[in-house]
Amino acid sequence: MRSDNSGMRLSNRCYAVTGLGYSAPWCVNAGFAVGDNLTLVVDTGGNALAAQTVHGYASAARPGNHLQVVNTEKHFDHIGGNGFFRERGIDVWGHVGTVRTEEDFQAEIAEFNDSIPNQARRERGEARAFFHGTHLVNPNRQIDSDTRFDLGGCTVEILLTPGHTATNLSVWVPDDEVLFTGDCLINEYLPNLDAGTPVDWQIWLESLKRIESLKPTIVVAGHGPVARGNEVQVIVDTVRRVLQESIARGYSPTANRASDPLSPPNSGAA
Ligand SMILES: [Zn+2]
């Protein structure tokens, strides 16, 4: 794994695993920070197969390290692979509000299936293939305030950055100036405001200020390419502008409108 401008190794300690499968055109990111003793995995992808990929890279980066996981939020694209890690005895940390039900999970699978364009594939229930071997598993370790992890020679800070959901966390690696933001930041996609209200979007603006004050040089957003250098401020400014416009208007840019009858219901699940 090379440390160039496109590789998954971002810095001395940090790696991004980008482009994990999700409902097209979305893909979702994960990553990990490697200490001398502990490797902290950030998010587990949307399904067991994504988790297998993340687990494989995280294990290979420093064999022999213990692994732990932190979820950046409660939506299934970030926690879908939790079961894969828990089945291997690996602790999964997450915000105390990350408590999903089997009904939530089955509704997610049904929504995936409904979005399949081809009727024969829809009727065949091909969404089940995407979720092969995937079991809903909530975090077994709870976070309700800012938390530090000592990975051995490397300290990582878990910061509360709510707004997209009340459960959003960011993972800051100060020595490397790398920040994993989950969906508090998004690159190239429109941020998903549909899981909240204008009150939540104001809270999200405060989280953006918090992120900015860290002055990260590399950001792994929840979705889209890794942002480096000047790109970091661009994606912060872009998300802030969308939030400010939505607060002024009173609805999100992706809200279902009466004038758009073909738009399917959106759950804001990304
Ligand atoms: Zn997401």
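1. Two strands pair if DSSP finds at least two bridges between them. In this predicted model, four bridges join strand β10 (residues 178–182) to β11, and the two run parallel. Leu179 has Val219 in β11 as its bridge partner.

2. These strands belong to an open sheet of six, ordered β7-β8-β9-β10-β11-β12, with mixed pairing.

3. Beyond its neighbours within four places in sequence, Val219 contacts Leu179, Thr181, Leu185, Ala227, Val232 and Ile235. The largest nonpolar core has 56 residues; Ala33, Leu185 and Val219 touch the most other members. Helix α1 (residues 48–61) gives this core its largest share, six residues.

4. Next, helix α8 (residues 230–249). Its length checks out: 20 residues at 1.5 Å a residue should span 28 Å, and the end C-alpha atoms are 29 Å apart, which agrees.

5. Which residues of α8 are buried? They are Val232, Ile235, Val236, Val239, Leu243 and Ser246. Seen down the axis of α8, the buried residues fall within an arc of 100°, so they line one face of the helix. An α-helix has 3.6 residues a turn, so residues three or four places apart point the same way. The cover over the buried residues of α8 includes α7 (198–214), β11 (218–221) and β12 (227–228).

6. The face of α8 turned away from the buried side carries exposed residues: Asn230, Val234, Asp237, Arg241, Glu245, Ala248 and Arg249. Just after α8, Gly250 takes a positive phi of about 95°.

Definitions and conventions:
Residues numbered from 1 in each chain as written. Predicted model: local features only at pLDDT ≥ 70, side-chain atom pairs only at ≥ 80, totals over all residues. Core = buried A, V, L, I, M, F, W, Y, C linked by C-beta atoms within 7 Å. Buried ≥ 20, exposed ≤ 12 C-beta atoms within 10 Å, placed from the backbone. Contact = placed C-beta atoms within 7 Å. Expected span 1.5 Å × (residues − 1). Arc of directions from axis to C-beta.
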